Amino acid sequence: PAVTITLAHSEIFKVNPVTDEAGNVLAWTGTLDIPETVYTGMYPGEYYTMSSFSSWGVPGSLEMKPEITAPGGEILSVNGANKAYGNTAHDQYELMSGTSMASPQVAGMAAVVAQYVRENGLEEKTGLTARQLIQSLLMSTAVPMKADAENYHSILQQGAGLANVGAAVMAD
């Protein structure tokens, strides 16, 4: 879980500095009222589903692509000077969707799993490369995504399913 606030709201905390005897700012204090309805970025429903704009299919090599799915719809991202959305400053956030949002999430998950592989000496224990282990751990612990309450999306659309980095680093 994570909580984000706007830059404007974070400035509220810079009103009351906490300083040491030399006048150095150690922290900021303040209060922020949270409304009853908070946008969570989550879609309503009992299960995750694929975005309608997700690309999928079999490439000319006949390999399974995508191999895995990651969150890529309505991701709060720094985008600064995107004039199409009215942002002209470089301190703005906006909701964005697409591969450009999912790709960094997979890269971050791969980095976390790489650390897990390294810290546990899994290359030596298994004889596999770090890349093979990272890919296998992420794919084998992914959660298949449903198209509706009873049916799952095809593996040609979602790969192994929604990446679950927590499960990947807890796998034996």
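Tutor: The chain of this predicted model holds six helices and four strands. From the N terminus on, its elements run α-β-β-β-β-α-α-α-α-α.

Student: What makes a run of residues count as a helix, as with α4 (130–140)?

Tutor: A helix is a DSSP run of H or I with at least four residues. The run called α4 spans 130–140, and α6 spans 165–168.

Student: Which residues of α4 are buried, and what makes them so?

Tutor: The buried residues of α4 are L133, I134, L137 and L138. Each is called buried because its relative accessible area is under 20%.

Student: Why are the buried residues of α4 said to line one face of the helix?

Tutor: Viewed down the axis of α4, these residues fall within an arc of 120 degrees, so they line one face of the helix. The face turned away from that buried side carries R131 and S140, which are exposed; the term exposed requires over 50% relative accessible area.

Student: What covers the buried residues of α4?

Tutor: The cover includes α2, α3 (122–126) and α6.

Student: Which elements each supply at least two residues of the lining of the second largest pocket?

Tutor: Those elements are α2 (99–119) and α4. The largest share, five residues, comes from α4. The pocket has a volume of about 210 Å³, and its lining includes I134 and L138, both of which are among the buried residues of α4. The exposed R131 also belongs to the lining.

Student: How is the lining of the second largest pocket divided by class?

Tutor: It has seven nonpolar, one polar and three charged residues. K65, E67 and R131 are in the lining, and they count as charged because Lys, Glu and Arg belong to that class.

Student: How do you know that E67 and K65 form a salt bridge?

Tutor: The separation between their side chains is 3.1 Å, N to O. The cut-off between a Lys or Arg nitrogen and a carboxyl oxygen of Asp or Glu is 4 Å, so the pair qualifies. A search of the whole structure finds one salt bridge.

Student: What percentage of the chain counts as buried?

Tutor: Of its 172 residues, 23% count as buried.

Conventions:
Residues numbered from 1 in each chain as written. Predicted model: local features only at pLDDT ≥ 70, side-chain atom pairs only at ≥ 80, totals over all residues. Heavy atoms only, no water. 1 Å grid on protein atoms, 1.4 Å probe; cavity = no way out; pocket = protein on both sides within 12 Å on 5 of 7 lines; lining within 4 Å. Points joined across faces, edges and corners; volume = space filled by probe spheres on them. Buried < 20%, exposed > 50% of the residue type's maximum accessible area, 1.4 Å probe, protein only. Arc of directions from axis to C-beta. Contact = heavy atoms within 4.5 Å.
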